[in-house]
Amino acid sequence: QVQLVESGGGLVQPGGSLRLSCAASGFTFSRYVMSWYRQAPGKERELVALITSAGGITNYADSVKGRFTISRDNAKNTVYLQMNSLKPEDTAIYLCNRHLYNDWGQGTQVTVSS
């Protein structure tokens, strides 16, 4: 059974940083592309970043390029999202995904507000 458990969200002031983690189990993590999505109230779910199985290639939404960094540790079955220079418009629930599969965690809330 695939499980994805996100953590690391919270309330942060504009310009601040957070590091999200997603612990995966139930599949061979190192074989799959992993991604982070986010969903804000009243908006469609948005792909934020993805990383290939060995971590050699990453891709980002234009809205987060230069501010967010996705990484992974295949020994720990964990994918991370380092978020810097956070803006109020980054406020959303952030979800981990085994890319292109219908496998989702419960999400972690990120709120950027002064």
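Modeller: Two strands pair if DSSP finds at least two bridges between them, and strands (E, at least two residues) are DSSP runs numbered from the N terminus. This is a predicted model, in which local features need pLDDT of at least 70, side-chain atom pairs count only at pLDDT 80 or more, and totals for chains, interfaces and linings use all residues. Residues are numbered from 1 along each chain as its sequence is written, and side-chain values use heavy atoms, with hydrogens and water left out.

Biologist: Which residue in E9 stands opposite arginine 38?

Modeller: Strand E4 covers residues 34–39 and pairs with E9 in the antiparallel sense over six bridges. Opposite arginine 38 stands, in E9, tyrosine 94.

Biologist: How many residues apart in sequence are the parts that the pair of cysteine 22 and cysteine 96 ties together?

Modeller: A disulfide is a pair of cysteine sulfur atoms within 2.5 Å, and those of cysteine 22 and cysteine 96 are 2.1 Å apart. Cysteine 22 lies in strand E3 and cysteine 96 in strand E9 (residues 92–98), so the parts tied together are separated in sequence by 74 residues.

Biologist: Is the disulfide of cysteine 22 and cysteine 96 left-handed or right-handed?

Modeller: Both cysteine 22 and cysteine 96 are buried, that is, under 20% relative accessible area, against over 50% for exposed and in between for partly exposed (1.4 Å probe, protein chains only). The torsion about their S-S bond is about -80 degrees, so the disulfide is left-handed.

Biologist: Is serine 21 buried or exposed?

Modeller: Serine 21 lies in strand E3 (residues 18–25). Its relative accessibility is 19%, so serine 21 counts as buried.

Biologist: What is the geometry of the aromatic pair of phenylalanine 27 and tyrosine 32?

Modeller: Rings of Phe, Tyr and Trp (its six-membered ring) pair if their centres lie within 6.5 Å; planes under 30 degrees apart count as stacked, over 60 as edge-to-face and the rest as tilted. The search of the whole structure finds four aromatic pairs. For phenylalanine 27 and tyrosine 32, the centres are 5.5 Å apart and the planes form an angle of 80 degrees, and the pair is edge-to-face.

Biologist: At what distance from the ring centre of tyrosine 101 does arginine 98 lie?

Modeller: A charge sits over a ring if NZ of Lys or CZ of Arg is within 6 Å of the ring centre and within 35 degrees of the ring normal. Arginine 98 lies over the face of phenylalanine 27 at 4.6 Å. Over the face of tyrosine 101, arginine 98 lies at 4.1 Å.

Terms used: Helices (H or I, at least four residues) and strands (E, at least two) are DSSP runs, numbered from the N terminus.
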